[in-house]
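Hi,

Here is the structure I promised to pass on. Have a look at it first, and my notes on strands and charged side chains follow below.

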Amino acid sequence: MRMGYRELADLLRDAIRRGDYPEGGTLPKQNEIAAAHGVNINTVRQAVRVLEAEGLVTPVRRRGTIIRPQLPMKRLGAERYAKSKWKTGDLVAFAADREATGRPWTPGDQTNSIRLTEADRDTADALHLPPGASVYERARLVKEAGVPTHTLTSYYRPEDVEGSPLVDATAGPAGRGGGFAVLTSRGLEPDQITETLHARMPTPDEAKELQLPAGEPVVILHRTTVISDGRPVEFARGVHAASRFTWSYSFPIPD
C-alpha cells in the first residue's frame, strides 16, 4: 500500500529529531522526497504542512523548507536583569539568554528601528504621561540563525534618552551592558521591573514578521521598569514565538 502523508510526516519528523537534518538547514527538495519514498508531490506537500503546523519546519520562498531549532531557548527571568551584569558590561537580555542556552550570537541578530511617536494608552499609563505625549520608540527584531524569535519594542520619555545609544539604530544591544547601563549612566538606575505575560494567536502582521507556522501562538510580554523613587523610565512590549522559548523565574518565597 502506498505511503500516506501522515506516515511520511512521521518519517520526516523522526529524521529531524535524530538530527539527520541540522537546525537552520533544509529538507531535501520536495520532488527528491517524493522520489525517495515513492509518493507523489501532493503527499509531500501535505506532510510538510503537518510538520509546519507542529513548528518543526518553516517553508521559506527561494530557500526551501527550513529546519527550526528543536531546543527552545531558555529565557532567563530575574537573572537576565541582574545589576552585576549590566553594571560591568556583561551580557544582558537576548544575549544573556543565548549564553544560558549555549547558543552563539552576533550584534546583527538584533536590528533596531527608532522613531519619535505618540504614546498610546498603555504606554502613557505605564510612563505616567498623558495619552498622545511624545515618546521615543525603540523597536527590535531578534533573529537566531536568520529566523526571527521575537520582537521587543521599548518606549521612553524623550528627555531620558535624547542623544543616547538608546536612540541609535545601530544593530545590536545599546552598548556594553545594554539599555539599563545607558539609563544608569544618565542617573536613572533601574530598580524594579514588573513583567506581565499572556498568550494569544498572532495578528497577520506578527505571523509574517516572525515567520510563524500556521497555528503557532505568541507570548506577549509587557515590562515596566522604574527607578528607586518609583518613576517609570521604560515601558516595553514583546511578541515571542511560543515554540522558541522556555520561561524561567527564580525568586525568594515571600513570608
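Predicted model: local features only at pLDDT ≥ 70, side-chain atom pairs only at ≥ 80, totals over all residues.

Let's start with a pair of strands: Glu137 stands opposite Tyr155, which is in S6. Strands here are DSSP E runs of at least two residues, helices are H or I runs of at least four, and both are numbered from the N terminus. Two strands count as paired if DSSP finds at least two bridges between them.

Residues are numbered from 1 along each chain as its sequence is written, and side-chain values use heavy atoms, with hydrogens and water left out.

Back to the strands. S5 and S6 run antiparallel and are joined by nine bridges. They make a hairpin with two residues between them, and Ala145 in that turn has a positive phi of about 55°. On its other pairing, S6 is joined to S9 (residues 232-241) by six bridges, again antiparallel, with Ser154 partnered by Ala236 in S9. Ten of the ten residues in S6 (147-156) are buried (under 20% relative accessible area; exposed is over 50%, partly exposed in between, with a 1.4 Å probe and protein chains only).

Now the charges. Arg138 sits in S5 (residues 134-144), and is buried without a salt bridge: the nearest side chain of opposite charge, Asp168, is 6.6 Å away. (Lys and Arg count as positive, Asp and Glu as negative; His and chain ends are not counted. A salt bridge is a side-chain nitrogen of Lys or Arg within 4 Å of a carboxyl oxygen of Asp or Glu.) What does the Arg138 side chain reach at 3.3 Å? The backbone oxygen of Leu166. A polar atom of that side chain also lies 3.2 Å from the backbone oxygen of Asp168.

Across the whole structure there are 16 salt bridges. Among them:

- Arg244 and Glu144 meet at 2.9 Å, N to O. Arg244 is in the loop between S9 and strand S10 (245-247) and Glu144 is in S5, so the pair ties together parts 100 residues apart in sequence. Both residues are buried.
- Arg13 and Asp10 have their closest N and O atoms 2.7 Å apart. Arg13 is buried at 13%, whereas Asp10 is partly exposed at 37%.
- Lys83, Lys87, Glu189 and Asp191 are linked in a salt-bridge network.

Cheers

Definitions and conventions: Polar contact = N/O pair within 3.5 Å; in protein donor to acceptor, adjacent residues only side chain to side chain.
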